[in-house]
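This report is meant to be read alongside the sequence and the coordinates. It goes from the overall build of one chain to selected residues and contacts.

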Amino acid sequence: MAGGGSSLKSYLLVRTLLVIPTIFILLTLVFVLMRVAPGNPVSAALGGHVPQAVIQEISHRLGYDRPLYQQFGSYLWNLAHGDFGATITDKRQVSDIILVNGAATLELTLAAAIVALAVGIPIGLIAGRFRDRPIDAASRIFGIIMYAMPVFVLGLLAQIVFGSWLGWLPISDQASPMTSALMTTHTNLLLVDAVIDGDWDSFWDVLQHLVLPAGTLGLVFAGVFVRLVRINVIRTLKDDYIEAARARGIREQAVVYRHAFRNALVPVITVIGLEIALLMGGAVLTETTFNWPGIGHALYTYLQNRDYAAVQGIVIVFGLVVVFASLLVDILSALIDPRMRYQ
Amino acid sequence: MTDSPHTPVPKPQRFPALRRIFQPVAETRGFARFMLWTGAVLTGLFILMAIFAPWLSPYAFDQYQLAGVAFPQTAPPSALHPLGTNVQSTDVLAQILWGARTELLVVALALILALAIGVPLGLIAGYFGGWFDRIMVLVMDAMFAIPSLLLALVIAFLLGSSIASGIVVAAAAITIVYVPQYFRVLRNHVTSVREESYVEAARAIGAPPSTILTKYIFFNVIQAIPVLATLNAADAILTLTGLGFLGYGVQPTQGAEWGYDVSRAVGDAASGIWWTTLFPGLAIVLLVTGLTLLGEGLNETINPVLRQRAATRVNMEDEA
């Protein structure tokens with residue numbers, strides 16, 4: 001950012017402090033959006049059959065009848081104390097949604113990220129190494145088609161092939177009803193819970209349920225990594241130090257594998273952070289397709305029930321995750337990249 | 001105009017402006033050329049589909065019967081229904097043809113709106129700077145923090161209860177997603193161009209800011225827009241179909257929408273019915289791929305750093 005200091009420390013300090021205005025504006029934006037919208041949140045959530053007096057009573061209890069600046073004040077105050085509020089329709093705490101449904105989303109997103117990296121990085125490296133050869137063209141087309149593929153289309157096609165035709169994998173939910181009834185909750189991450197209990201039957205069941213959603217979301221995001229890694233390899237192979245390594249007589253293989261690939265992967269860390277926003281947007285679609293009980297699926301349900309309070313809370317959570325992920329990425333890349341230190 | 005647009009390089013002495021536009025296209029080689037032409041053909045096909053949908057389509061998009069006989073539900077492809085029928089007994093081919101119209105119409109509307117809002121804001125913020133610039137940058141950055149599909153979803157949700165027309169709601173939701181992008185690109189470009197000597201000169205001879213902005217800066221900065229808008233159109237189709245899949249945006253009574261079609265097919269997957277997912281899905285993939293290839297191809301053609309001209313190619317290796 002402009003006005004950054006001359007050392008790593010002051011850069012990190014400024015970058016961290018900048019999070020405060022960003023969050024403030026994000027929260028204001030969400031508040032304004034939800035309040036500018038026409039209609040009373042309470043009557044929207046309860047439907048048309050509720051008497052006016054009841055709506056007024058609930059509006060009063062939830063504070064929707066107070067002046068806007070007071071509502072805004074208590075909204076910020078509560079958030080600052082970690083209180084994300086409660087849903088109107090089923091009176092659940094938003095923090096509870098984050099804990100329970102968020103764990104399911106985390107499990108899905110992490111598994112998808114592993115698939116995306118495992119598929120995307122090797123293809124990107126090969127494409128960049130053999131620039132303009134047929135294998136490069138093929139991997140670029142793969143990248144573009146994967147980008148163009150909506151996650152719900154790929155997901156449904158996978159359900160048809162692997163679930164319906166071949167009968168290999170379950171096509172929806174996070175676990176079989178039997179398994180979810182038997183398992184005890186420790187961390188809300190089902191795979192981890194199964195390991196803690198040493199319950200390998202449940203572990204296997206949960207893993208099978210994870211394959212299709214994570215594979216689908218991961219493949220779609222592999223396209224992004226193919227593209228990114230390819231460009232970085234091409235750029236790195238043109239750098240002076242690569243020329244220098246070649247000039248010193250180091251074998252081409254060693255130049256490529258030891259010098260170029262390693263340096264080409266550094267920016268990938270940055271982009272993983274930025275892709276988290278996209279990955280979470282994709283999670284809403286994936287979770288809806290696979291009936292996965294994550295936070296995106298919760299958002300979808302609350303949108304259907306017109307529960308403004310729940311939608312507001314979940315959107316804030318998504319926004320905060322993105323803000324902190326990009327902070328983390330900036331800090332990490334400052335620590336990794338020495339050029340950042342000697343600006 | 002004796003030269004049709006199909007002639008790649010018009011006669012140089014007669015159409016210097018055309019020549020300047022088409023020269024890079026003619027000089028594109030290799031993968032960039034492939035991307036440009038494949039993208040243009042795919043996009044062109046869908047534009048033709050959108051225009052001629054009423055003549056090409058065997059049925060109306062919401063037609064579920066013919067001469068009093070109802071169409072079968074989820075029937076496999078047959079002579080009467082080349083791509084089968086879906087769970088609502090409508091013809092899948094008709095949905096796809098009419099859907100092209102909806103997708104392109106909504107996305108065109110949304111991008112024009114986003115340009116109309118984002119470009120002036122970016123120009124003004126970048127040129128004048130000051131507190132307006134600072135606040136706009138912060139607000140746009142905060143909008144970036146909300147995942148784009150989520151932002152569109154919330155806007156569609158909030159507007160959905162008040163405005164009747166789903167097409168306008170969908171377009172508005174997508175507009176808001178892309179305004180920050182145009183703002184950011186324009187603003188950053190203007191801040192760098194602002195200090196160029198020709199702008200300095202215009203200022204020195206007393207041109208008012210409005211003249212400098214519209215005459216000198218606008219045309220310099222606007223060159224980044226075609227590539228960005230094409231790539232954004234691809235992205236916007238994905239956002240629109242995502243909205244449709246979740247049941248927001250274009251309403252099924254107003255027009256066919258591919259994302260909505262696929263959402264109706266979710267229940268079919270368990271029974272192995274593939275045509276209700278595959279064909280609308282394929283339509284989305286092909287249109288988005290076409291727009292992406294066109295955008296990437298344009299980028300490599302226009303962007304001189306990436307451009308591989310015929311001349312340099314010959315010097316480096318004899319056979320391309």
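## Chain A as a whole

Of the 343 residues in chain A, 46% are buried, a term that stands for a relative accessible area under 20%, while exposed stands for over 50% and partly exposed for anything in between, with a 1.4 Å probe and protein chains only. The model is a predicted one, in which local features need pLDDT of at least 70 and side-chain atom pairs count only at pLDDT 80 or more, whereas totals for chains, interfaces and linings use all residues. Residues are numbered from 1 along each chain as its sequence is written, chains are lettered from A and ligands numbered from 1 in the order in which they are written, and side-chain values use heavy atoms, with hydrogens and water left out.

The secondary structure of chain A consists of 17 helices and 0 strands; helices are DSSP runs of H or I with at least four residues, strands are runs of E with at least two, and both are numbered from the N terminus. The C-alpha trace of chain A spans about 85 × 60 × 40 Å along its principal axes. Among contacts in chain A with a separation of 6 or more, 73% are between residues 24 or more positions apart, contact being defined as heavy atoms within 4.5 Å.

## Surface and charge

Chain A exposes about 16,700 Å², of which carbon and sulfur atoms supply 66%; accessible areas come from the Shrake-Rupley method with a 1.4 Å probe, and for residues only the protein chains shown count as cover. The chain carries 23 positive and 23 negative side chains, and the centres of these two sets lie 14 Å apart. In this count Lys and Arg are positive and Asp and Glu negative, with His and the chain ends not counted, and each charge is placed at NZ of Lys, CZ of Arg, CG of Asp or CD of Glu.

## Buried positions in both chains

Helix 15 of chain A (residues 295–304) is largely enclosed by the rest of the structure, because 8 of its 10 residues are buried. The buried residues of helix 15 include A:Gly296, A:His297, A:Tyr300 and A:Tyr302. After this helix comes A:Arg306, whose phi is positive, near 55 degrees.

A:Ser202, in helix 11 of chain A (residues 200–237), is buried at a relative accessible area of 6%. Apart from residues up to four places away in sequence, A:Ser202 touches A:Thr179, A:Met183 and A:Ala194. In chain B, B:Trp275 belongs to helix 11 (residues 275–302) and is buried, with a relative accessible area of 7%. When neighbours within four places in sequence are set aside, the contacts of B:Trp275 include B:Thr74, B:Pro77, B:Leu83, B:Val92 and B:Pro280.

## Salt bridges within and between chains

Over all chains the structure holds 8 salt bridges, each being a side-chain nitrogen of Lys or Arg within 4 Å of a carboxyl oxygen of Asp or Glu. One of them pairs A:Arg230 with A:Asp136, whose closest N and O atoms are 2.7 Å apart. Because A:Arg230 lies in helix 11 of chain A and A:Asp136 in helix 7 (residues 134–148) of chain A, the pair ties together parts that are 94 residues apart in sequence. Both A:Arg230 and A:Asp136 are buried.

A:Arg140 and B:Glu300 also meet through their side chains in a salt bridge, at 2.9 Å from N to O. A:Arg140 lies in helix 7 of chain A and B:Glu300 in helix 11 of chain B, so this pair joins two chains, and both residues are buried. The side chains of B:Glu296 and A:Arg227 form a salt bridge at 2.4 Å, N to O; B:Glu296 lies in helix 11 of chain B and A:Arg227 in helix 11 of chain A, so this pair too joins two chains. B:Glu296 is buried, at a relative accessible area of 11%, whereas A:Arg227 is partly exposed, at 40%.

## Loop residues with positive phi

Most residues other than glycine have a negative phi. A:Lys91 has a positive phi near 50 degrees; this residue is in the loop between helix 5 (68–80) and helix 6 (94–129) of chain A and counts as exposed, with 63% relative accessibility. A:Asp132 has a positive phi near 70 degrees, lies in the loop between helix 6 and helix 7 of chain A, and counts as partly exposed at 36% relative accessibility.
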